[in-house]
Amino acid sequence: SSSNDPTNRQAHHSRFLGHQRRKPSGLKKMYLSPEYCSNTLEGREAVRNFICSHFDSCGGGIIGSGTSSLSSKEIVFRCYRFRVSKGNTQDNRKEAKDSKKAITKTSRPRTSDESCSWRFTLYFEASEDDPSAGRWYLYEDGIGNRFHNGHIQKKEHEISRRVALLDKDELEITDDGLDVNLSSQSMATMFMQRTKLVVDPKKLRNHHTKSQKKHSCSLAGMTAAEQVIHKLSTNDQVSVAWLVADVSIGHKLVTTYTGNRRATSTKVLELNITFQSNIASNGNEPVASILSSADIMEMTQSAPGADGDTPVTAATEIYNSLGINDDAQILLSIAWTTNKQRRFLGMFPESASSDVIMKTNNEKRPSFHICSKTSSNETFSGFSSFLASQSTWMFDFTWSMMVPALSDPRFEKRNELMTTDNDSKLHGPFTAQTTAIGRYKNSKHRDCTFHLFTQGFTKNKITSSRVKDGPNSYIGKALLDAIKSWMISWTNDVESPAELSLSRDLLLELIADKETWRHFDSSFPDDFLKFLIDKI
């Protein structure tokens, strides 16, 4: 009926309100265009988008769309707003506050009396050859109600849709956020800003829980080491290398019982340990091969570092700490880099920093990272790894094998500065690579600003305690602070070679003046110059 007469409209309402789920017969079918010919999830989404955009363009004030299983062959479109709603106006808020009653009504109905009666249904006519192919249609005068009742019509973006196909990548982003304990409400807000779709936070949380259960089932029976290798080696955006120790024993521990006494009858005296290294370059160009088992065994026979640690002692210590009584493989170290990190480190290789971070994993493994900065001064991570220990051999293996194998070749050729802390076990193997081995041949090592200056001043006694006591001691302290800030500015400020040379010459001119040191003890000038020449 297209009549606007109130009598006919009321008759039209009463005619269909009681028969919403019965399919009419003998009425003319109105088919959608032939492009809407599928009863799959994607096909239904296309139909919903078409209907919603049609009503939005003609100012019809749109709706939410219900759903059912694919076998039902229909889509029901309804209006989910109240027939009568106060709205959230200032007067209503004041009224609720005065009466101490919160406004509990939302844009969704709770009872059939409050709901708008606007609705219609689309049906699917399947072809004989393929049940999922056919045509969508609605009846010219059939089930539903064409008029909104008791509310102002709204645009599509003002009403949340009940059913929509969500982008898989966007859902992965929300899952990652929930993995790091972000609230589901904040992730729902971010999802709405990125996709323009309103999603119930509970739905996101439920999806995250299901994903976790599915992931845990796929990794059931795996150890933590096997899980991390599986996750990294099967990701086509990540390249990974790892070092494994194969531990075998000639006999097992046997526990015997004599009366009420418990005793261990045998003891493992020696472990047979061999090593193997593996690499998976997923999606990257071919990378350099890393050490073979024979090469690693040769490394174990070489003289240990100053710490006395070797791969064999590291593997033995980890094996004993795990309480294993059988042959086993021990993951000593694993390193990885993503395609993006690899590309960035090749684009900006000239200056980089490396350091070890603690307390990042349950096994208390040191986490080693190489970071650099882009031309816009944004920091990025270019290489990451878990180490067996902070020992000389472990850093030697990392600098000589893992970093060249996983990083872009431009990094090894073009790096000019590597900044680390003052740990000789970390920067010693790197320096050896630049000299004896020939890798990173254009690179030089420097301590970071904190270890170079903050700790360097203290270790070399460049402190205010060297200022003479007296009424003018404040002058000496101020002068010392000024000289420290002057030197630190060489690492913090971007300067041209001419500017740096001028700053250095002016400082040398200042410290060459005997009047500069009259507020300090007699040995302070020699100590300061030695620190400046040897360290800076």
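Predicted model: local features only at pLDDT ≥ 70, side-chain atom pairs only at ≥ 80, totals over all residues.
How many aromatic pairs does the structure hold? The structure holds 24 of them.

- A pair of aromatic rings is described by the distance of the centres and the angle of the planes.
- Take Phe124 and Trp136: their ring centres are 5.0 Å apart and their planes meet at 55°, so this pair is tilted.
- Phe124 belongs to strand S4 (residues 119-126) and Trp136 to strand S5 (residues 134-139), so the pair ties together parts that lie 12 residues apart in sequence.
- Are these two residues, Phe124 and Trp136, buried or exposed? Both Phe124 and Trp136 are buried.

**A pair between a helix and a loop**

- Phe430 and Tyr440 also form a tilted aromatic pair, with 5.1 Å from centre to centre and 35° between the planes.
- Phe430 sits in helix H13 (residues 424-437), while Tyr440 sits in the loop between H13 and S16, so here the pair ties together parts 10 residues apart in sequence.
- Phe430 has a relative accessibility of 1%, so it counts as buried.
- Tyr440 is buried too, with a relative accessible area of 1%.
- Phe430 and Tyr440 also belong to a cluster linked by ring pairs, together with Phe368, Phe383, Phe395, Trp399 and Phe411.

**Lysines over rings**

- Lys29 has its charged end over the ring of Tyr137, 4.7 Å from the ring centre.
- Lys340 lies over the face of Phe344, and here the distance to the ring centre is 5.8 Å.

**The second largest pocket**

- Rolling a probe the size of a water molecule over the atoms shows where empty space is left.
- The second largest pocket holds about 1,400 Å³ of space.
- It is lined by 43 residues, and those closest to its centre are Leu417, Thr419, Arg446, Trp490 and Thr491.
- Strands that give two or more residues to this lining are S12 (351-357), S13 (367-373), S15 (417-420) and S16 (444-447).
- Helices that do so are H14 (449-459), H15 (473-492), H16 (497-512) and H17 (524-535).
- Which element gives the largest share of the lining of the second largest pocket? That is H14, with seven residues.
- By residue type, the lining of the second largest pocket divides into 17 nonpolar, 15 polar and 11 charged residues.

How values were computed. Residues numbered from 1 in each chain as written. Heavy atoms only, no water. 1 Å grid on protein atoms, 1.4 Å probe; cavity = no way out; pocket = protein on both sides within 12 Å on 5 of 7 lines; lining within 4 Å. Points joined across faces, edges and corners; volume = space filled by probe spheres on them. Helix = DSSP H or I, 4+ residues; strand = E, 2+ residues; numbered from the N terminus. Nonpolar A, V, L, I, M, F, W, Y, C, P; charged D, E, K, R; others polar. Phe/Tyr/Trp six-rings, centres within 6.5 Å; stacked < 30°, edge-to-face > 60°. Buried < 20%, exposed > 50% of the residue type's maximum accessible area, 1.4 Å probe, protein only. Lys NZ or Arg CZ within 6 Å of the ring centre and 35° of its normal.
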